[in-house]
Amino acid sequence: MSTHQFMVSTTAAPTMRSFLRPMLLSAVFFMLLTGIAYPLATTLIGTALFPEQAKGSLIHRDGQLVGSRQIGQYFSQPEYFHGRPSATLGADPADPSNTIAQPYNAAASGASNQGVLSKSLLEAVAERSKAYRLMNGLAKDAPVPVDAVTASASGLDPHISVANARLQAARIAKVRGMSLAQVQVLIDRYTFARQLGVLGEPRVQVLELNLALDMAKPAQPAVH
């Protein structure tokens, strides 16, 4: 008859206390890595390679901060180029528990999330198209650039299409007493090509263009 020998382990089972030290060390390590080292490294590299963008692509005029090249601003006056519609919201000053439309609210970037079959969206596009044609003296059935009547995904788009800018040029030239050629020169100056030559479409920076308009002089009348 064979004899079997059994060995009984006397090693104590792992306890929570035995895991505590490696858990704490791991937590501290990843906190230092992802919370301090990585943000610090990306900030330093970004500041060194892209100093203007790292600071927010800010625009200054006469020593005053007037905006950012990456965040649009709301213009409604006839003497300025108008940007894309913005669907951003903000707290109602009269009742903070409610929200109201606040175009280009950088603290609440977002879209309307309305789909192509949304009745509200179709009605809004129809109203915007009508207002755009009226504002710019276009025929009732004139085509309207899509970026003139639809909001961007962020609600903060600082650009408009070249077609949109050119359709607004005649209105601005008339209101400001400038020649159409003067306005078109400024549009060309603030038109940016496709990124890397292939990404996106040519686009016009609205804020910089409007600032340039304020610096431009009206056309001089012809001398007879």
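Predicted model: local features only at pLDDT ≥ 70, side-chain atom pairs only at ≥ 80, totals over all residues.
Ala, Val, Leu, Ile, Met, Phe, Trp, Tyr, Cys and Pro count as nonpolar, Asp, Glu, Lys and Arg as charged, and the others, Gly among them, as polar.

**View A. The largest pocket and its lining.**
Here we look into the largest pocket, which holds about 420 Å³ of space. Its lining is made of 19 residues, and Tyr74, His82, Gly83, Pro85 and Ala148 sit nearest the centre. Sort the lining by class and you get nine nonpolar, seven polar and three charged residues. Which helix gives the largest share of the lining? That's helix 3, with four residues. Helix 3 (119–135) and helix 4 (162–176) each put at least two residues into this lining.

**View B. The second largest pocket.**
About 330 Å³ of space lies in this one. Around it you'll find Glu52, Gln53, Ser57, Arg69, Gln70, His159, Phe192, Gln195, Arg203, Gln205 and Glu208. How do these residues divide by class? One is nonpolar, six are polar and four are charged. Helix 2 (51–54) and strand 7 (203–205) each supply at least two residues of the lining.

**View C. Helix 3 from end to end.**
Let's check the length of this helix.

Start with the buried residues of helix 3: Leu121, Ala124, Ser129, Tyr132 and Arg133. Looking down the axis of helix 3, you'd see its buried residues fall within an arc of 160°, so they line one face of the helix. Here's a handy rule: an α-helix has 3.6 residues a turn, so residues three or four places apart point the same way. What do the buried residues of helix 3 pack against? Their partner is helix 4. Now turn to the face of helix 3 pointing away from the buried side, where Lys119, Glu127, Lys130 and Leu134 are exposed.

Asn210 belongs to helix 6 (residues 206–215). Is Asn210 buried or exposed? Buried means under 20% relative accessible area, and Asn210 has 1% relative accessibility, so it counts as buried. Leaving out residues up to four places away in sequence, Asn210 touches Phe75, Tyr80 and Phe81.

Definitions and conventions
Residues numbered from 1 in each chain as written. Heavy atoms only, no water. 1 Å grid on protein atoms, 1.4 Å probe; cavity = no way out; pocket = protein on both sides within 12 Å on 5 of 7 lines; lining within 4 Å. Points joined across faces, edges and corners; volume = space filled by probe spheres on them. Buried < 20%, exposed > 50% of the residue type's maximum accessible area, 1.4 Å probe, protein only. Arc of directions from axis to C-beta. Contact = heavy atoms within 4.5 Å.
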